[in-house]
Structure formats: structure tokens, C-alpha cells
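Trainee: I would like to learn how to read a model like this one. Can we go through it feature by feature?

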Amino acid sequence: MPENDYVIPTVGGENQKYSKETLLEFALNPPKKNDELLSNVGLYLRSVMLAKILYLNELYEIILDKPGVIMEFGVWWGANQALFNNLRAIYEPYNRMRKVIGFDTFEGYPTVTDEDGSDKSVAVGGYKMPEGYIDTLSEILRIHEIDNPLEHIKKFELIQGNAPESLEKYFHDKPETSVALAYLDMAMYEPTKEVLKILEPHMIRGGVIALDEFGSSKFPGETKAFKEVFGLNKFKMRKSKFLPDRTIVILE
């Protein structure tokens, strides 16, 4: 962006919008186009995104000495999938058992119920991904994997479809599976409740359920589903040190 070609806004949320758009412009149009962008991604990383990375690291540290896979429900673009796989490469590079498994329709929300609230973002088809995106994401994750130890062993899975049905089938087909971390970001009441019910007997003691929308008035369905399946006084619950709107449930 040319020097002196912009004015910094000073009003509320406009600052965030300006920051996001301007950093994107700098990232897409650097003064020198070369292969150094990925080595300097921190230059364009906004604090809220750094907090998200620290939050995922916070979750990973809790399960580091525990067996079991990582499951994410609601993959979207797949950033968490890539980060969890790379955190494994950092913390336990030779733990081939710590698979990272993502469940998503990749076609957006299939249904919406009264329990999901009335926010405009709560709609059938919300968060729909481009056609065939699961193949693109799979290739991206494979590229990450070949840059890390044990690159010859595939340690991630992406499963497209109805999450409760897919999860039920997964446990049936792979009865050896136990879950150390379940990351829930579906937001909707019905799939969240069904997934929690299916997950419960497969979660290890000391394992973690991460809730993205707990207590959210925008997406009330997740909280209602968790209350109905697990209740609020059986387990240790705390907010993240880095993202205080995220809830960490430790199954002790």
C-alpha cells in the first residue's frame, strides 16, 4: 500500500475492521514477492488470531500426558486441524497414535431449531464451504504432514457428513479409539447434543471438551445441549487464559 494513502480511523469497531483489511492488503501485496512470506507470517498476525493459537496450545498442553485422539466437530476452513497437527509435531513428534480427526458437513448447517436462537447467522447453509473443499483441505494437511516427523504415516482424518452418524460409525469401525480432546464448534443444538451423548463413554478421565459457544446468546444451542447431557456441576470448568469467551471442560 502506498505511503500516506490511508487514514487510521478512531471509532470503536472501525479500528478492528481497518486493522484486518489493511494487514490483509499488506500480506497480499508485499513490497517484494518472494518465498519469505510464510517465514514472516507473524508480521500480519492480528492479536486475536495469536490468542486463538495460544488457546489451542493451552488445550494441547492439558492432554499432553494422556492417550487418545483429538476430534473436532465443525472444521470450517480447517485452521484448527492444521494447528493441532503441527502442535503434535512440536510436542510429541513420534506419537503416531495421536490422530487429529475432523467432522463437518462442509455444506453448512443442515437444520436449525428453535433452541438455536434467532441471530441472522443461524440459518440453514450457514458456514457452507466451496464445493469439493474437503479435498483441498486434505491436500493442505498432507503437505503439513510431509514437513513433520513420521511423514509416511497419515495421522489426520477428515470425515464429511452428519456428525452424529459419522461419529457413531467411526467408533463402531474403530473400537480401539479413545478421545483425549473433543473440540466442539458446531454451535447448533441438535448435532451438539447427539455428538456429546455419543462421545461420553469414549472420553478418557482427564480429557477435555472445548466449547466455542458456551454461554453465547448468539448460539444458545450449544450451552443447552451441554447442560442436558453433562450438567454443570460434575466436572471442572474454566475459561481460557487467552480467549475468555471459550470454555474448557476437564473430565475429572
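Mentor: Start with a single residue. Lys-224 is found in helix H7. Helices (H or I, at least four residues) and strands (E, at least two) are DSSP runs, numbered from the N terminus.

Trainee: Is Lys-224 buried, partly exposed or exposed?

Mentor: Know the classes before you judge. Buried means under 20% relative accessible area, exposed means over 50%, and partly exposed lies in between (1.4 Å probe, protein chains only). Lys-224 has a relative accessible area of 35%, so Lys-224 counts as partly exposed.

Trainee: Which residues is Lys-224 in contact with, leaving aside its neighbours within four places in sequence?

Mentor: Contact means heavy atoms within 4.5 Å. By that rule, Lys-224 touches Glu-115 and Tyr-189, once neighbours within four places in sequence are set aside. Lys-224 and Gly-125 are 99 residues apart in sequence, and their C-alpha atoms are 22 Å apart in space.

Trainee: What do I need to know about the source of the coordinates?

Mentor: This is a predicted model: local features need pLDDT of at least 70, side-chain atom pairs count only at pLDDT 80 or more, and totals for chains, interfaces and linings use all residues. Residues are numbered from 1 along each chain as its sequence is written, and side-chain values use heavy atoms, with hydrogens and water left out.

Trainee: What is the mean pLDDT of the protein chain?

Mentor: pLDDT is the predictor's confidence in each residue, from 0 to 100. The chain has a mean of 92, and 94% of its residues reach 70 or more. Residues 6–11 fall below 50; that stretch has eight contacts in the model beyond near neighbours in sequence.

Trainee: Back to H7. Which residues of helix H7 are buried?

Mentor: Gly-221, Glu-222, Thr-223, Ala-225, Phe-226 and Val-229 are buried in H7 (residues 220–229). Their cover includes E4, helix H6 (189–199), E5, E6 and E7. After H7 comes Gly-231, with a positive phi near 75°.

Trainee: Now the sheet. What is the strand order?

Mentor: Pairing comes first. Two strands pair if DSSP finds at least two bridges between them. Here seven strands form an open sheet in the order E3-E2-E1-E4-E5-E7-E6, with mixed pairing. The edges are E3 (156–160) and E6 (236–239), each pairing on one side only. Neighbouring strands are turned by 15° against each other on average, direction ignored. For such angles, axes are lines fitted to C-alpha atoms, for helices over the stretch in contact, and values run from 0 to 180 degrees between N-to-C directions.

Trainee: In which sense do E6 and E7 pair?

Mentor: E6 and E7 (residues 247–250) are antiparallel, over four bridges.

Trainee: In which sense do E1 and E2 pair?

Mentor: E1 and E2 are parallel, over four bridges. Met-71 has Ile-101 of E2 as its bridge partner. The chain goes from E1 through H3 to E2 in a right-handed β-α-β crossover. Right-handed has a set test: with the strands pointing away from the viewer, the path from the first strand over the helix to the second runs clockwise. E2 and E3 also pair in the parallel sense, over five bridges. Val-100 stands opposite Phe-156 in E3. The crossover from E2 to E3, through helix H4 (residues 133–146), is right-handed.

Trainee: How many residues of E2 are buried?

Mentor: Five of its five residues are buried. Both faces are covered: Val-100, Gly-102 and Asp-104 on one side, Ile-101 and Phe-103 on the other.

Trainee: Where does helix H3 lie?

Mentor: H3 (residues 79–91) lies across E1 (69–73), E2 (100–104), E3 and E4 (179–184), and runs at about 170° to E2. The buried residues of H3, including Phe-84 and Leu-87, pack against H2, E1, E2, H4, E3 and E4.

Trainee: How far does H3 reach from its first C-alpha to its last?

Mentor: The expected span is 1.5 Å times one less than the number of residues. H3 has 13 residues and reaches 18 Å, close to the 18 Å expected. Helix H2 (residues 47–63) has 17 residues and reaches 25 Å, close to the 24 Å expected.
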